[in-house]
Amino acid sequence: MHGILRKIVVMAGATLAFAGLGVLSSQASVISGHWSISDALSSKTCSAQLETEPAASGYGNAFKTTNCQGLYAPISKATAWQWSYEEGLSLLDAEGQVVLQFDIDELDGLTSVGPSSLFLIMQPVHHDSKASDLSELIEKAIVVTAQR
């Protein structure tokens, strides 16, 4: 049993080491695509696109939104996104500063964790394979989270 756990820790550590270099292509393919962002308190919703190509700023992959200013105005500054199992999904501005951060929750998607005053939910605009890919990502994140 300890040998299996040790292998999981080593594999997770290797994944985290590579994640520091940018989003792994397999993670980018799972997370990239069309997402909806909604406010749990007001029910306002907007659209976001997590691209697979690098952002012009060089801080991650390209990120675009549509009609999100009324939901959370600073999101319009986000031009890039990064994923790590330690930090979750970070939306970054052109200077590499975190504008908004999401992490995996028990929902079918991601929940905002920063700034703490927000209650945003980010869900993939479902394509049949996206839901199963996201569940696999959640399983991997649970293993890493258990090691923290």
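Start by selecting Ser 43: at 60% relative accessibility it counts as exposed (exposed is over 50% relative accessible area, buried under 20%, partly exposed in between, with a 1.4 Å probe and protein chains only). Before going on, note that this is a predicted model, where local features need pLDDT of at least 70 and side-chain atom pairs count only at pLDDT 80 or more, while totals for chains, interfaces and linings use all residues. Residues are numbered from 1 along each chain as its sequence is written, and side-chain values use heavy atoms, with hydrogens and water left out.

**Stop 1**

Helices (H or I, at least four residues) and strands (E, at least two) are DSSP runs, numbered from the N terminus. Ser 43 is not a glycine, yet its phi is positive, at about 70 degrees. Most residues other than glycine have a negative phi.

Now select residues 33-39 and 45-54. These are β1 and β2, paired antiparallel over 6 bridges; two strands pair if DSSP finds at least two bridges between them. They make a hairpin with 5 residues between the strands.

**Stop 1: on to β3**

Ser 47 stands opposite Thr 66 here. This hairpin has 6 residues between its strands, and Gly 58 takes a positive phi near 85 degrees.

Next, click on Gln 49 in β2. Is Gln 49 buried or exposed? With 17% relative accessibility, Gln 49 counts as buried. Show its side chain together with that of His 34: a polar contact of 2.5 Å joins the two. (A polar contact is a pair of N or O atoms within 3.5 Å; within protein, one must be able to donate a hydrogen and the other to accept it, and residues adjacent in sequence count only if both atoms are side-chain atoms.) Setting aside neighbours within four places in sequence, Gln 49 also touches Gly 33, Ala 62, Phe 63 and Lys 64, among others; contact here means heavy atoms within 4.5 Å.

**Stop 2: the disulfide**

Select Cys 46 and Cys 68. Their sulfur atoms are 1.9 Å apart and form a disulfide (a pair of cysteine sulfur atoms within 2.5 Å). The pair links distant parts of the chain, with Cys 46 in strand β2 and Cys 68 in the loop between β3 and β4, 22 residues apart. Look along the S-S bond: the link is right-handed, with 90 degrees about it. Both cysteines are buried, and the structure holds 1 disulfide.

While you are in the loop between β3 and β4, pick Asn 67. Asn 67 is exposed, with a relative accessible area of 62%. Its phi is positive too, near 60 degrees, in a residue other than glycine.

**Stop 3**

Zoom in on Ile 37. Beyond its neighbours within four places in sequence, its contacts include Cys 46, Leu 71, Ile 75, Phe 102, Leu 120 and Met 122.

**Stop 5**

Move to Gly 88 in β5. Gly 88 is buried, at 1% relative accessible area. Leaving out neighbours within four places, Gly 88 is in contact with Gln 82, Trp 83, Phe 102 and Asp 103. Draw a C-alpha to C-alpha distance from Gly 88 to Val 113: the model gives 9.2 Å, for residues 25 apart in sequence.

Then step along to Gly 114 and Pro 115, which are joined by a cis peptide bond with omega about -5 degrees. Most peptide bonds are trans. Pro 115 is in the loop between β7 (110-114) and β8.

**Last stop: zoom out**

Colour by secondary structure. The chain has 3 helices and 8 strands, in the order α-α-β-β-β-β-β-β-β-β-α from the N terminus. Buried residues make up 40% of its 148 residues. Among contacts between residues at least 6 apart in sequence, 40% join residues at least 24 apart.
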